[in-house]
Amino acid sequence: MFSKSKINDPATGTDAATSAAPAVPTQAAPTAKPSEFKASAPKAKPPASVLSADLHVTGNMKTTGDIQVEGTVEGDIRAHLLTIGETATIKGEVIADDVVINGRIVGRVRGLKVRLTSTARVEGDIIHKTIAIESGAHFEGSVQRQDDPLNPGAKSAPAQKANPAS
């Protein structure tokens with residue numbers, strides 16, 4: 001059906017891209033609507049916002065993206081993925097789809113997935129859908145499972161009181 005001509009043959013020394021350029025239809029691009037073009041190109045996920053260890057924030061933070069906290073925050077934080085670094089201290093409520101705690105939180109934690117690593121220090125209640133607590137984590141407060149922990153009015157299972165780990 002197709003035959004290879006010597007014009008497009010790389011062995012002849014002719015540039016295949018320049019000889020094939022006139023064969024490309026010029027009206028192909030205008031047939032696509034601009035809105036369709038934008039919808040077909042997915043947006044790249046932006047990197048996590050990082051609050052360095054020497055930063056002290058007073059006030060609330062809210063984003064649909066990811067935050068990594070290494071410094072001190074006095075206020076509430078709402079994010080998609082929230083990572084609390086080992087040097088971080090949060091004094092306020094934390095609400096996120098996914099919460100990884102390596103540092104210290106004084107306040108309530110709400111998350112679909114909550115993970116306390118061995119270096120975590122939490123003083124407050126944890127409301128979660130799933131939770132993981134590594135050996136060595138210090139936690140003082142209650143643990144409550146909810147199907148929708150991000151919604152404060154959701155129905156929940158009975159709270160369980162955790163004993164402080166030493």
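Biologist: What should I know about the numbering and the values before I start?

Modeller: Residues are numbered from 1 along each chain as its sequence is written, and side-chain values use heavy atoms, with hydrogens and water left out. The model is predicted, so local features need pLDDT of at least 70 and side-chain atom pairs count only at pLDDT 80 or more, while totals for chains, interfaces and linings use all residues.

Biologist: In what order do the six strands of the open sheet come?

Modeller: Strands of a sheet pair through backbone hydrogen bonds, either parallel or antiparallel. Strands here are DSSP runs (E, at least two residues), numbered from the N terminus, and two of them pair if DSSP finds at least two bridges between them. The order in this sheet is β2-β5-β7-β9-β11-β13, with parallel pairing. β2 (56–58) and β13 (138–140) each have a single partner strand, so one side of each lacks a neighbour in the sheet. From one strand to the next, the twist averages 5 degrees, an angle between N-to-C directions on a scale from 0 to 180 degrees, with axes fitted to C-alpha atoms.

Biologist: How many bridges join β11 to β13?

Modeller: Three, and the two strands run parallel. Arg121 stands opposite His138 in β13.

Biologist: Which residues touch the most other members of the largest nonpolar core?

Modeller: In soluble globular proteins, nonpolar side chains tend to be buried together. A nonpolar core is a set of buried Ala, Val, Leu, Ile, Met, Phe, Trp, Tyr and Cys residues joined through side-chain atoms within 4.5 Å. Buried means under 20% relative accessible area, exposed over 50%, and partly exposed in between (1.4 Å probe, protein chains only). The largest core has 26 residues, and Val69, Ile101 and Leu116 touch the most other members. At least two residues of this core come from each of β4 (66–69), β6 (77–84), β8 (94–101) and β10 (109–116).

Biologist: What is the bridge partner of Ile101 in β10?

Modeller: Leu116. Seven parallel bridges join β8 to β10, and β10 also pairs with β12 (residues 126–133) over seven bridges in the parallel sense. In β12, Ile133 stands opposite Leu116. Beyond neighbours within four places in sequence, Ile101 has contacts (heavy atoms within 4.5 Å) that include Ile84, Val109 and Val122.

Biologist: Is Leu150 buried or exposed?

Modeller: Leu150 counts as buried, at 16% relative accessibility. This residue lies in the loop between β14 (142–145) and β15 (160–161). The C-alpha atoms of Leu150 and Ile95 are separated by 6.6 Å, although the two residues are 55 residues apart along the chain.

Note on methods. Helices (H or I, at least four residues) and strands (E, at least two) are DSSP runs, numbered from the N terminus.
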